[in-house]
Amino acid sequence: MTDNKVKRAYEIFGDGAGIEGNFCGVPAQLASFDKSRFCVIPVPFEGTVSFGQGASRAPQAIIEATRNIELMDYETGRHPFAEGIYTAEPVHRDSSLKTALALMEAASRAWRNDMFVVVLGGEHSVTLGSLMALNESGRPFSVVQLDAHSDLRDEYEGNRYSHACVMRRALELENLQKLVQLGVRSSSWFERKMEPDKRLVTVTGRQVHHGQGLEAIEQLIGDVYITLDVDAFDPSVIPATGTPEPDGLSWAQVTRLVRETFSRCKVVGFDLVELAPMEGSVNSEACAAVLAYRMMAWSLG
């Protein structure tokens, strides 16, 4: 990215707070589908959550929070907004499967346009839509899942497309080569009794605390998609989530793992899911906004 391009982008943006509803508030000239590097897809679906509520409010809250962050990412010194950020219309249907299928269509369209896809959930079931889109491309791909939970149940409360089953459904996709789980610290008896799958690598939260995780990233094959359930973080970092678990990962641990994934692999997109905004606090959505923008910065190389 040249200095002239960055300067021109700041001139277009001006000194205002930006356009409401657009990621980072980018104006129309930096938000067209055909010319933007990034495609942000809000998915305010919340239909199978099993504890705390509020994930449907997360996409809007995160986008609103991005209007209050600096346009130069502090760590990288990069300016993702200058590459163009298109914010799609929210994807929301009346069931988890229908929502995933609608997201699949939206993500496929963005990837056909050679865009980097950013999905803002919503509950974790929505991730399946992005993964189905990658599977439909016919290319081998891998998934990095940062999460407190395995999400490997075959069904939950009678629903095979519950947020608790999303990674089990991912393992059924024929072009998935590796699923690397990082930070897991809660799993059911049924998940622990699954048949071994050579594509599945699980690094627990305790193992991450002891410095493990980076070696698992080395096993990724093909295009890589990152799904980040915010309950991967310790609740002291992001308390606003429906299923918090203690002894979670720190900001430094999560960002190191994600940064290294970008450094070592061809990451084509990511999602942030399971944020549930809390009344009277903006800490969690502010953290999510900074993380999303930084991941966009890392994607620029």
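G122 sits in the loop that joins β3 (116–121) to α4 (127–136), where helices (H or I, at least four residues) and strands (E, at least two) are DSSP runs numbered from the N terminus. The peptide bond leading from G121 to G122 is cis, with omega near 20°. This is a predicted model, in which local features need pLDDT of at least 70, side-chain atom pairs count only at pLDDT 80 or more, and totals for chains, interfaces and linings use all residues. Residues are numbered from 1 along each chain as its sequence is written, and side-chain values use heavy atoms, with hydrogens and water left out.

Most residues other than glycine have a negative phi, and most peptide bonds are trans. D114, in the loop between α3 (96–112) and β3, has a positive phi of about 60° although it is not a glycine. D247, found in the loop between β7 (223–229) and α9 (251–264), also has a positive phi, near 60°. D114 is exposed, with a relative accessible area of 64%, while D247 is partly exposed, at 39%; exposed means over 50%, buried under 20%, and partly exposed in between (1.4 Å probe, protein chains only).
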